[in-house]
Amino acid sequence: MSLAYRRAAAGDETFVVYSWCASFRSSHTAGLIAMDDWRAVMEPQIRKVLSRPGGEVWVAYHPGETDHVADLYGWLAVERGHALPLVHYVYVKSPFRKHGIARGLFAAAGVDPAAPFFYTCKTYVVHELRHLIPAARWQPLIARRSEDQHHRPRGDHGRHAARDH
């Protein structure tokens, strides 16, 4: 399979939002959102995260494919401007997992998965592959705090949220 990587185009957002929403729905770390309300609540939130300053989405695609939904094999949402790289989510279509697509997306985005980075969404797949991202730190509050959205993050990135009450 010959894939290439590029920044997401406007037409890619539908696939990115749909696949993020669908694949994160069953995560134990996804919060207290009723399944019946999931899509209505999460789609606007995902779009809000994707539009944050410094946000980039990288896609893996098949060059030359004319169907610009079928040509997407996966994507990575990253955000620049933090003390460490911030990865919000990585998605690869299930039939194409374990072919190095996620590694290619990390490389295209300029994030070394073996080096320290923050990530905001944890799924079962992340748990199973944690040995591949040994220095990664789960920091979900970065995506939830307004000051982090404007790149004026607290030094602790939400680790001491109890003090904020």
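1. Helices are DSSP runs of H or I with at least four residues, and strands are E runs of at least two, both numbered from the N terminus. Helix α4 covers residues 124-128 and holds V125.

2. This is a predicted model: local features need pLDDT of at least 70, side-chain atom pairs count only at pLDDT 80 or more, and totals for chains, interfaces and linings use all residues. Residues are numbered from 1 along each chain as its sequence is written, and side-chain values use heavy atoms, without hydrogens or water.

3. The protein has five helices and six strands. From the N terminus, their order is β-α-α-β-β-β-α-β-α-β-α.

4. Of the 165 residues, 40% are buried. Buried means under 20% relative accessible area, exposed means over 50%, and partly exposed lies in between (1.4 Å probe, protein chains only). V125 is partly exposed, at 40%.

5. The largest nonpolar core has 23 residues. Such a core is a set of buried Ala, Val, Leu, Ile, Met, Phe, Trp, Tyr and Cys residues joined through side-chain atoms within 4.5 Å. Among those with the most contacts inside this core are W20, I46 and W75. Two or more residues come from each of α1 (13-24), α2 (38-50), β2 (55-61), β3 (72-79) and β4 (86-92). Helix α1 gives the largest share, six residues. A second, separate core of 17 residues includes L3, V92, L105 and A109.

6. Which residues does I46 contact, leaving aside neighbours within four places in sequence? They are V17, W20 and C21. Contact means heavy atoms within 4.5 Å.
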